[in-house]
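Notebook open. I want to look up how the side chains pack and pair.

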Amino acid sequence: DALELTVIYSSDWNLVGLPLQVDGASYTILFPESIEGTLYSFDDGYSLETSLTQGEGYWLRFESAGSTTITGTPVTELTISLNEGWNLISGLSEDISIYSVLDPDSIIVPGTLYGFNGGYVETDMLVPGRGYWIRANNLGNIILISE
(Lines give C-alpha, C1' and ligand atoms only; values in the text may rest on other atoms or scores of the structure.)
Protein backbone atom coordinates (compact mmCIF):
# COMPACT_ATOMS: atom_id res chain seq x y z
CA ASP A 1 0.00 0.00 0.00
CA ALA A 2 1.18 3.50 -0.81
CA LEU A 3 2.06 5.74 2.10
CA GLU A 4 2.32 9.54 2.23
CA LEU A 5 4.94 11.09 4.47
CA THR A 6 5.43 14.80 5.08
CA VAL A 7 9.02 15.89 5.58
CA ILE A 8 9.52 19.28 7.24
CA TYR A 9 12.69 21.26 6.53
CA SER A 10 14.18 24.53 7.68
CA SER A 11 15.83 27.28 5.67
CA ASP A 12 19.50 26.78 4.72
CA TRP A 13 21.12 23.34 5.21
CA ASN A 14 19.21 20.21 6.26
CA LEU A 15 20.12 16.55 6.69
CA VAL A 16 17.55 14.58 4.69
CA GLY A 17 16.87 10.98 3.73
CA LEU A 18 14.49 8.97 1.55
CA PRO A 19 11.85 7.40 3.82
CA LEU A 20 9.91 5.45 1.18
CA GLN A 21 10.48 3.36 -1.91
CA VAL A 22 9.61 5.69 -4.81
CA ASP A 23 9.58 5.59 -8.61
CA GLY A 24 11.64 8.72 -9.13
CA ALA A 25 14.16 9.51 -6.39
CA SER A 26 15.52 12.69 -7.97
CA TYR A 27 15.87 15.41 -5.33
CA THR A 28 14.16 17.93 -7.64
CA ILE A 29 11.02 15.73 -7.59
CA LEU A 30 11.16 14.81 -3.89
CA PHE A 31 12.20 18.26 -2.65
CA PRO A 32 11.03 20.67 -5.37
CA GLU A 33 11.76 23.75 -3.21
CA SER A 34 15.42 22.81 -2.66
CA ILE A 35 18.27 24.82 -4.15
CA GLU A 36 19.63 23.21 -7.32
CA GLY A 37 23.07 21.63 -7.02
CA THR A 38 23.08 21.32 -3.21
CA LEU A 39 22.46 17.58 -2.63
CA TYR A 40 25.57 16.00 -1.09
CA SER A 41 26.26 12.50 0.15
CA PHE A 42 29.23 11.59 2.35
CA ASP A 43 31.64 8.69 1.91
CA ASP A 44 34.98 9.71 3.47
CA GLY A 45 34.33 13.00 1.63
CA TYR A 46 31.41 14.84 0.04
CA SER A 47 29.94 13.98 -3.38
CA LEU A 48 27.41 15.97 -5.37
CA GLU A 49 24.32 13.82 -6.06
CA THR A 50 21.14 14.11 -8.12
CA SER A 51 19.00 11.40 -6.52
CA LEU A 52 18.52 9.78 -3.11
CA THR A 53 19.13 6.17 -2.10
CA GLN A 54 17.39 4.57 0.90
CA GLY A 55 19.54 4.31 3.98
CA GLU A 56 21.81 7.16 2.89
CA GLY A 57 21.76 10.59 4.49
CA TYR A 58 22.29 13.81 2.52
CA TRP A 59 22.89 17.51 2.99
CA LEU A 60 20.33 19.57 1.07
CA ARG A 61 19.83 23.32 1.10
CA PHE A 62 16.59 25.33 0.99
CA GLU A 63 15.92 29.08 0.55
CA SER A 64 13.18 28.98 3.18
CA ALA A 65 11.49 26.63 5.64
CA GLY A 66 8.62 24.44 4.46
CA SER A 67 7.60 20.84 3.86
CA THR A 68 7.23 18.30 1.10
CA THR A 69 5.01 15.23 0.85
CA ILE A 70 6.59 12.04 -0.46
CA THR A 71 4.42 9.15 -1.65
CA GLY A 72 5.71 5.61 -1.98
CA THR A 73 5.95 2.11 -0.54
CA PRO A 74 6.93 1.73 3.12
CA VAL A 75 10.45 0.55 3.90
CA THR A 76 10.38 -1.80 6.91
CA GLU A 77 13.87 -3.30 6.70
CA LEU A 78 17.19 -1.91 5.54
CA THR A 79 20.79 -3.09 5.64
CA ILE A 80 23.22 -0.17 5.74
CA SER A 81 26.94 -0.58 5.23
CA LEU A 82 29.07 1.70 7.38
CA ASN A 83 32.66 2.80 6.96
CA GLU A 84 35.04 3.21 9.87
CA GLY A 85 34.57 6.77 11.16
CA TRP A 86 31.61 9.04 10.42
CA ASN A 87 28.73 8.00 8.16
CA LEU A 88 25.61 9.80 6.90
CA ILE A 89 22.58 7.52 7.15
CA SER A 90 18.79 7.66 7.16
CA GLY A 91 16.10 5.40 8.57
CA LEU A 92 12.87 3.67 7.68
CA SER A 93 9.27 4.78 7.00
CA GLU A 94 8.54 5.06 10.72
CA ASP A 95 10.51 6.19 13.76
CA ILE A 96 13.12 3.68 14.89
CA SER A 97 15.25 3.74 18.04
CA ILE A 98 19.00 3.38 17.65
CA TYR A 99 18.74 0.75 20.42
CA SER A 100 16.63 -1.51 18.21
CA VAL A 101 19.12 -1.39 15.32
CA LEU A 102 20.82 -4.76 14.79
CA ASP A 103 24.57 -4.31 15.04
CA PRO A 104 25.99 -7.86 14.76
CA ASP A 105 29.65 -6.79 14.92
CA SER A 106 29.12 -4.03 17.53
CA ILE A 107 30.57 -1.38 15.23
CA ILE A 108 28.33 1.54 16.29
CA VAL A 109 30.11 3.87 18.71
CA PRO A 110 27.54 4.53 21.50
CA GLY A 111 26.22 8.08 21.78
CA THR A 112 27.28 9.12 18.28
CA LEU A 113 23.91 9.45 16.48
CA TYR A 114 23.46 13.11 15.55
CA GLY A 115 20.71 14.92 13.72
CA PHE A 116 20.97 18.49 12.49
CA ASN A 117 18.62 21.38 13.20
CA GLY A 118 20.63 24.54 12.61
CA GLY A 119 23.23 22.76 14.75
CA TYR A 120 24.04 19.19 15.72
CA VAL A 121 21.67 17.43 18.12
CA GLU A 122 22.48 14.11 19.76
CA THR A 123 19.51 11.75 19.44
CA ASP A 124 18.53 8.12 19.80
CA MET A 125 15.70 8.14 17.23
CA LEU A 126 15.86 7.92 13.45
CA VAL A 127 12.89 9.88 12.09
CA PRO A 128 11.62 9.28 8.51
CA GLY A 129 12.93 11.75 5.93
CA ARG A 130 15.85 12.93 8.04
CA GLY A 131 19.56 12.25 7.75
CA TYR A 132 21.91 11.45 10.63
CA TRP A 133 25.60 11.22 11.36
CA ILE A 134 26.70 8.00 13.07
CA ARG A 135 30.18 6.84 13.98
CA ALA A 136 31.47 3.28 13.49
CA ASN A 137 34.66 1.80 14.90
CA ASN A 138 35.00 -0.55 11.94
CA LEU A 139 33.68 -1.40 8.50
CA GLY A 140 30.47 -3.44 8.56
CA ASN A 141 26.69 -3.65 8.24
CA ILE A 142 23.86 -2.62 10.51
CA ILE A 143 20.24 -3.70 10.01
CA LEU A 144 17.18 -1.54 10.63
CA ILE A 145 13.88 -3.38 11.10
CA SER A 146 10.46 -1.90 11.95
CA GLU A 147 8.98 -3.06 15.26
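I start with a term: buried means under 20% relative accessible area, exposed over 50%, and partly exposed in between, with a 1.4 Å probe and protein chains only. At 10% relative accessibility, W59 therefore counts as buried.

I note the ground rules. This is a predicted model, where local features need pLDDT of at least 70 and side-chain atom pairs count only at pLDDT 80 or more, while totals for chains, interfaces and linings use all residues. Residues are numbered from 1 along each chain as its sequence is written, and side-chain values use heavy atoms, without hydrogens and water.

**Entry 1: aromatic pairs.** I looked up ring pairs. Rings of Phe, Tyr and Trp (its six-membered ring) pair if their centres lie within 6.5 Å; planes under 30 degrees apart are stacked, over 60 edge-to-face, and the rest tilted. The whole structure gives 10 aromatic pairs. Y9 and F62 are stacked, because their ring centres are 3.7 Å apart and their planes are at 10°. Y9 sits in strand β1 (residues 3-9) and F62 in strand β6 (residues 57-62), 53 residues apart. Strands here are DSSP runs (E, at least two residues), numbered from the N terminus. Y9 is buried at 6% relative accessible area, and F62 is buried at 1%.

W13 and W59 form an edge-to-face pair, with 6.4 Å between centres and 85° between planes. W13 is in strand β2 (residues 12-17) and W59 in strand β6, so this pair ties together parts 46 residues apart in sequence. W13 is partly exposed, at 27%. I also found W13, Y40, W59, F116 and Y120 in one aromatic cluster.

**Entry 2: salt bridge.** How many salt bridges does the structure hold? I found 1. The term needs a side-chain nitrogen of Lys or Arg within 4 Å of a carboxyl oxygen of Asp or Glu. D12 and R61 meet this way, at 2.6 Å, N to O. D12 lies in strand β2 and R61 in strand β6, so the pair ties together parts 49 residues apart in sequence. D12 is partly exposed at 34%, and R61 is partly exposed at 33%.

**Entry 3: nonpolar cores.** A nonpolar core is a set of buried Ala, Val, Leu, Ile, Met, Phe, Trp, Tyr and Cys residues joined through side-chain atoms within 4.5 Å. The largest has 18 residues, and L82, V101, L126, I142 and L144 touch the most other members. β8 (77-82), β14 (131-136) and β15 (140-145) each give two or more residues to this core. Another core lies apart from it, with 17 residues, among them V16, L20, L30 and Y58.

Terms used
Helices (H or I, at least four residues) and strands (E, at least two) are DSSP runs, numbered from the N terminus.
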